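Here are my notes on the model you sent over. Have it open while you read, and go through the points in order.

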Amino acid sequence: MKLHGTMQVNDKGHLEIGGCDTVDLAKEFGTPLYVMDEQLIREKCREYYGAFTGTYPDSFVIYASKAFLTLAMCRLVESEGLGLDVVSGGELYTALKAGFPAEKIYFHGNNKSREEVNFALEAKVGRFVVDNIYELECLERLCGALRTKADILLRVTPGIEAHTHEYIQTGQIDSKFGLVVSNGQAMEGIKKALELNNINLKGLHCHIGSQIFELESYQHTVEVMMDFYNKVYAETGFRFEELNLGGGFGIYYVSGDKPANIKTYAAIVMETVRRMAEEMNYPMPRVIVEPGRSIVGEAGTTLYTVGSVKDIPGVRKYVAVDGGMTDNPRPALYQARYEAVVANKANQPRVDEVSIAGKCCESGDMLIWDLHVPAIEPGDILAVFCTGAYNYSMSSNYNRLMRPAVVFVKDGHADLVVKRETLDDLVRNDVIPERMKKNKPLSVVTGSRQ
Ligand code: LLP
C-alpha cells in the first residue's frame with residue numbers, strides 16, 4: 001500500500017489529501033467523489049517540464065487530455081507551460097472555452113469529422129495529427145475551402161509491441177491507428193502529403209501504447225523512427241522538423257508496479273534522438289511527448305460510501321459501494337487493479353479480506369478483489385487510489401447513475417471543478433414524441449434531486 005502525493009493520515013486516523021480530511025470531503029460534497037491532489041498534478045507537470053523542455057529546449061510536453069479534462073484542468077496545464085493533445089471536437093471545445101492557446105493544441109483522432117476539422121481549422125490549432133490518407137485528402141479540401149493551410153504530423157505505426165494490456169497497445173502493425181511503416185504505407189502517405197498544396201508536413205507521430213514500464217520500448221521506438229526519418233530523406237530529399245513520440249508512461253496502481261523515473265525516460269529518449277541525428281547528420285528534430293496517465297493518474301482518489309455487506313461464509317465477503325463501473329470502468333474493461341483504504345479507519349489494523357462491488361446491475365461490476373481492510377461497515381468511506389486518469393473521462397450514466405463531482409484539493413482547500421450530475425441532468429436530452437404525449441403533461445417529481 002502506497003500513499004501518494006500529499007496523502008497522510010491525520011490525528012483522527014482519517015485519510016487526508018491536500019490538507020483536507022477525506023471524511024469531511026465526503027460529507028460536504030457527497031459520494032462518490034473524485035478528489036484530485038492539485039499539488040501532485042502540478043509536481044508531475046513540473047517534473048515533465050524540467051526533464052524535457054527545461055533540460056532539452058528542443059522538446060515540448062503536451063498533456064494528453066483524454067486522461068482527464070475539465071476547464072480547470074486546462075487552466076492548470078497552461079499555467080505549468082505544457083501544451084495539450086485533444087482527440088475530438090469536445091476536447092477541443094473544452095480547451096478553447098478555458099482559453100487554452102490554440103497554437104499549443106495538437107489535434108489527434110483516427111476519424112475526425114468534417115465539422116471537427118473545420119472547427120479546428122477555424123480555431124487555428126497548432127498541429128493536426130493526421131491518421132490516414134482519407135483524412136489527409138479531406139484536410140486538403142477543407143483547407144482549400146477556408147483558404148488556409150494546416151501544419152500536420154502524420155501518424156505512423158512503427159511496429160512496436162509494448163508489454164501492456166492488448167486494448168491499450170497501439171504501436172503494433174495490426175492497429176486501427178496510423179500508417180504502417182514496414183509495408184510502405186507510411187512512405188506513401190508522406191509522399192502524398194508532400195504533394196498537397198495546403199498541407200505543411202512537419203513530422204511524424206507515433207504512440208506505442210499505454211501503462212508502459214520498459215524504457216527500452218521507447219528507445220527502440222526512437223531508433224525505428226529516426227531510421228525511418230533517414231529513409232524518407234534518402235527517398236524524397238525531405239527532412240522533418242518534429243518527432244512526436246506519443247505518451248504511455250506507466251504509473252503505480254498496485255504494489256509490483258515500478259514506474260521508471262521521468263528524468264531517465266527523458267534522458268533516454270532525447271539522447272537517443274540526439275545520437276542518431278548526429279550519426280545520420282540529420283538536424284535535431286523538436287521532440288514532443290504526450291503523457292496523460294502519468295500526469296493525473298496517481299493524483300486522483302475516488303471516495304465512496306459503503307452500503308450493503310454480503311458475507312457468503314467460506315466463499316467471499318462482498319462490500320458494495322455507491323458507485324462502480326460507471327465512475328471507474330477500468331477493472332471491467334482491462335482487469336485493472338487498485339489499492340484502497342477505509343478513509344475513516346486509515347490507522348486501524350486490516351483484519352478482514354473483502355471484495356469491493358459496484359452498484360450496477362452487472363456481475364462484472366467489481367472494483368477490487370480481495371482487499372484487506374479493518375472491520376468494515378455500512379457508512380464507512382472507502383478511498384480508492386490512483387483513479388485520476390481514465391476514470392472521470394470514461395465515466396458513464398449506465399443504470400442512470402449520476403456522474404460524481406470532482407474537487408481539486410490543495411493546502412487545506414477543496415474547490416469544486418465539476419458539479420455532481422442531478423436527476424434532471426439525466427433526462428435533459430430526452431424527448432417525448434408528440435404522439436406519446438396525449439395530453440399528459442410531464443409529472444412534477446418532488447423529493448431529493450441530488
Ligand atoms: N497520445 C496518444 C496518441 C494516445 O493515444 C494516448 C492514449 C496518449 C498520448 C496518452 O497515453 P497515456 O500517457 O495516458 O498512457 N483508457 C485506457 C487508456 C487508453 C489510452 C489511449 N491513448 C486506460 O484506462 O488504461
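1. Among contacts in the protein (heavy atoms within 4.5 Å) between residues at least 6 apart in sequence, 70% join residues at least 24 apart. Bear in mind that this is a predicted model, where local features need pLDDT of at least 70, side-chain atom pairs count only at pLDDT 80 or more, and totals for chains, interfaces and linings use all residues. Residues are numbered from 1 along each chain as its sequence is written, and side-chain values use heavy atoms, with hydrogens and water left out.

2. On overall shape, the C-alpha trace spans about 70 × 60 × 40 Å along its principal axes. Of the 450 residues in the protein, 54% are buried, meaning under 20% relative accessible area (1.4 Å probe, protein chains only).

3. Some polar contacts (pairs of N or O atoms within 3.5 Å) are worth a look. A side-chain N or O atom of Ser210 is 2.3 Å from a ligand oxygen, while for Arg293 a polar backbone atom is 2.7 Å from an oxygen of the ligand. Tyr334 puts a polar side-chain atom 2.8 Å from a ligand nitrogen.

4. On its own the ligand has 580 Å² of accessible area (Shrake-Rupley method, 1.4 Å probe), and the protein covers 91% of that.

Technical notes
Polar contact = N/O pair within 3.5 Å; in protein donor to acceptor, adjacent residues only side chain to side chain. Buried < 20%, exposed > 50% of the residue type's maximum accessible area, 1.4 Å probe, protein only.
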